[in-house]
Amino acid sequence: MSIFFHEQLYRSAAVMSQIKNFPVTVCGAGALGANITESLARSGFCQLKVIDRDRIEERNLSTQPYYRSDIGASKAKILANNLYRALGVSIDAQSKELTPANADRLLANSATVIDTFDNSVGRQAVKDYCASASLPCVHVGLAADYSEIIWNEHYRVPSAANDDVCDYPLARNLVMLTVAVACEVIVTFAATKQQQNLTCTIGDFAVKPLIL
């Protein structure tokens, strides 16, 4: 029996075949990126790459799928190791900083890119490269009790004044709500090429179309 047995019953064999061979690059392996990568892998995506220069800290453990024993290790490498042990899925882990100079190499061979970086410089590099390469890219971000999933055409990089993201209040439930919605957006895109722009709020657990 396939480890994706229940997912296949829900999605259909045709959709599972599409997502299995759909290359996705996730930029960031923090609260959003790590959980998105895990969710996609457990949903049947087998061609995943994750890019993150950071190492695991104790404060990451409540919102990110890491363990105390992982503290100090590379986020990207540990995430890839854990998912290989769980699923047998090989993830291309890149423990590097994505910049305008290397974006073409790091994002090569992707069918779509998911940007979850926690800084405006990284987000701008992803946005600019994907626009220039006509590469589909969805940006996922959150703050306080609100989150957004926005495709590149409509996305605006936030001000660098808000880049000190490690100190703002963050609810795990908002993270997981956003992750679930973002992953469904990716499945829909892989299967139908439809691009959905959405917002989520934790106060009323609302998921609504983003009016652009």
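Does Ser-110 count as buried or exposed, and at what relative accessibility? Ser-110 counts as buried because its relative accessibility is 15%. Buried means under 20% relative accessible area, exposed over 50%, and partly exposed in between, with a 1.4 Å probe and protein chains only.

A word on the model. It is predicted, so local features need pLDDT of at least 70 and side-chain atom pairs pLDDT 80 or more, while totals for chains, interfaces and linings use all residues. Residues are numbered from 1 along each chain as its sequence is written, and side-chain values use heavy atoms, without hydrogens and water.

Now, where is Ser-110? Find the loop between helix 5 (103-106) and strand 4 (112-115). Helices (H or I, at least four residues) and strands (E, at least two) are DSSP runs, numbered from the N terminus.

Look at the side chain of Ser-110. It reaches the backbone oxygen of Leu-107 at 2.9 Å. Next, the residues around it. Leaving out residues up to four places away in sequence, Ser-110 touches Pro-23, Thr-25 and Leu-135. Contact here means heavy atoms within 4.5 Å.

Step back to the whole chain. The protein chain has seven helices and eight strands. Of its 212 residues, 50% count as buried. Take the contacts with a separation of 6 or more: residues 24 or more positions apart account for 64% of them.

Last, the overall size. Along its principal axes, the C-alpha trace spans about 50 × 45 × 40 Å.

Definitions and conventions: Polar contact = N/O pair within 3.5 Å; in protein donor to acceptor, adjacent residues only side chain to side chain.
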